Amino acid sequence: MNVYGAKAKFMRTSPETAAVSMKKAPNAALHSSWNWELISDKAIDWWEPRIRRIKDAYPNRVLIASIMAGSGNDKELGNWQLLAKACQEAGADGLELNFSCPHMDRKDMGSNIGKDSVLCSTVTEAVKEVATVPVWCKLTPATADIVVEAGACFRGGADAIVSSNTFPSLPLIDLDTLDFEINVDGYVSSGGLGGPAILPLALAKMASLTKAFPDKSFSGIGGITDMAQAISYFMLGCGTVQVCTAAMLDHAIGPNVIKKLNQQYREFLEKHEASDGWHSLEDFRGSRRDRVVLQSDIRRPNPSDYAGGYDVVEGYAAPEVAPTIA
Ligand SMILES: Cc1cc2nc3c(=O)[nH]c(=O)nc-3n(C[C@H](O)[C@H](O)[C@H](O)COP(=O)(O)O)c2cc1C
């Protein structure tokens, strides 16, 4: 059950004050979205006919259904299978498993699945047992090394990884009321940050994923409004991108965002068709992935003086090594 009151708000910032606030201000630009929405309040029998109607109306378009359940026991793993079967039978072309919503207390839901590589594998495997369509796992960015959880999902049979969901975050305390800008009875809990503020963070997560698994499929999300951001995800190796915050601000579902993305994509290809001979995404997908390297691989003013942060070994003597016992 969702909390009382607003489940999502937008933060803005302005060049005059540099404030980051949910309060509306003139000339303010979007900074981020913040939400603590737990789950859809519509049950699967509400969604099923709607998925079917969407697919009937647009049979040549791709429809991905995002699903989530608990995963603490066999009955709950059965719920993942129930949702998966219902969505694919209604016409969904793919399933996205939500291992990533950051504000669930239950240890076996949302980002708590994405923080547990055993659960990542177990749930993916359970869904793959019944899936007839591709299965994407959407991972939380809130772990030490997202490559570990992605590997677990691939071992469970995932067809693709999606990143990033929102980052754990708090709203600011209002200087006038000394209350959090969004609260219920004065209380707040950690929620999820999306939008422009997370773009560079989400790109870093995506780069570590695509570099670790260059032959796997990835869908990029986080801070995308138009091609200026989407192109970074594509050049890191993503085959698709997704939009949430910018779409919510555009008639709640983003018709103009999509139109602009398509238009800019065509213009981008036209420009590079002439200069680089690119005809489709496959001609440039992943083309900048290998430009993300270790710090020590970046050129120094005096490269000969640099030993990756360690002392340079001086003289002709070989570095000391422990004597081996014959
Ligand atoms: C109000 C709100 C609700 C969201 N609900 C879900 C959800 O149910 N499942 C999910 O996988 N991600 C959910 N997200 C996360 C977004 O899908 C997306 O991963 C994140 O906001 C980053 O993308 P963006 O910068 O385009 O917003 C939600 C985001 C917002 C703002």
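1. Let's start with the surroundings of the ligand in this predicted model. By class, the shell around the ligand holds 8 nonpolar, 12 polar and 2 charged residues. Which of its members come nearest? Of the 22 residues around the ligand, these are Ala 8, Asn 35, Gly 194, Cys 244 and Thr 245. When you browse the shell by element, look at strand 3 (29–35) and helix 8 (245–248), as each of them gives at least two residues to it.

2. The protein is split into domain 1 (1–35 + 169–193) and domain 2 (41–168 + 194–291). The shell around the ligand takes at least three residues from each of these two domains. The C-alpha centres of domain 1 and domain 2 are 26 Å apart.

3. How many residues of each domain are in contact with the other? The count is 12 residues of domain 1 with 15 residues of domain 2. On the domain 1 side, strand 3 and strand 9 (191–194) each contribute at least two residues. Strand 3 gives the largest share of that side, with 5 residues.

4. Strand 1 (residues 8–13) and strand 3 are antiparallel and share 6 bridges, and Lys 9 stands opposite Trp 34 in strand 3. Strand 3 and strand 9 pair in the antiparallel sense too, over 3 bridges; here Trp 34 has Leu 193 in strand 9 as its bridge partner. Leu 193 is also the bridge partner of Phe 167, and strand 8 pairs with strand 9 over 3 bridges in the antiparallel sense.

5. An open sheet of 6 strands has parallel pairing and the order 4-5-6-7-10-11. Its edge strands, strand 4 (64–67) and strand 11 (240–242), each pair on one side only. With direction ignored, neighbouring strands in this sheet are turned by 25° against each other on average. Strand 10 (residues 217–221) runs parallel to strand 11 and is joined to it by 3 bridges; Ile 221 has Gln 242 in strand 11 as its bridge partner.

6. Helix 5 (residues 146–155) touches strand 6 (135–139) and strand 7 (160–163), and the direction of helix 5 makes about 160° with that of strand 6.

7. Finally, a helix pair deserves a look. Two packed helices are described by the angle between their axes and the distance between the axes. For helix 7 (residues 227–236) and helix 9 (residues 255–276), the axes come within 10 Å and cross at roughly 65°. The crossing of helix 7 past helix 9 is right-handed. Which residues meet there? From helix 7 they are Met 227, Ala 230 and Ile 231, and from helix 9 they are Leu 261, Gln 264, Tyr 265 and Phe 268. This contact comprises 6 nonpolar residues and 1 polar residue, with no charged ones.

Notes:
Residues numbered from 1 in each chain as written. Predicted model: local features only at pLDDT ≥ 70, side-chain atom pairs only at ≥ 80, totals over all residues. Near = placed C-beta within 6 Å. Helix = DSSP H or I, 4+ residues; strand = E, 2+ residues; numbered from the N terminus. Nonpolar A, V, L, I, M, F, W, Y, C, P; charged D, E, K, R; others polar. Domains from an automatic or database assignment. Contact = placed C-beta atoms within 7 Å. Axes fitted to C-alpha atoms, helices over the stretch in contact; angles between N-to-C directions. Left-handed = near helix turned anticlockwise from the far one by under 90°. Pairing = 2+ DSSP bridges.
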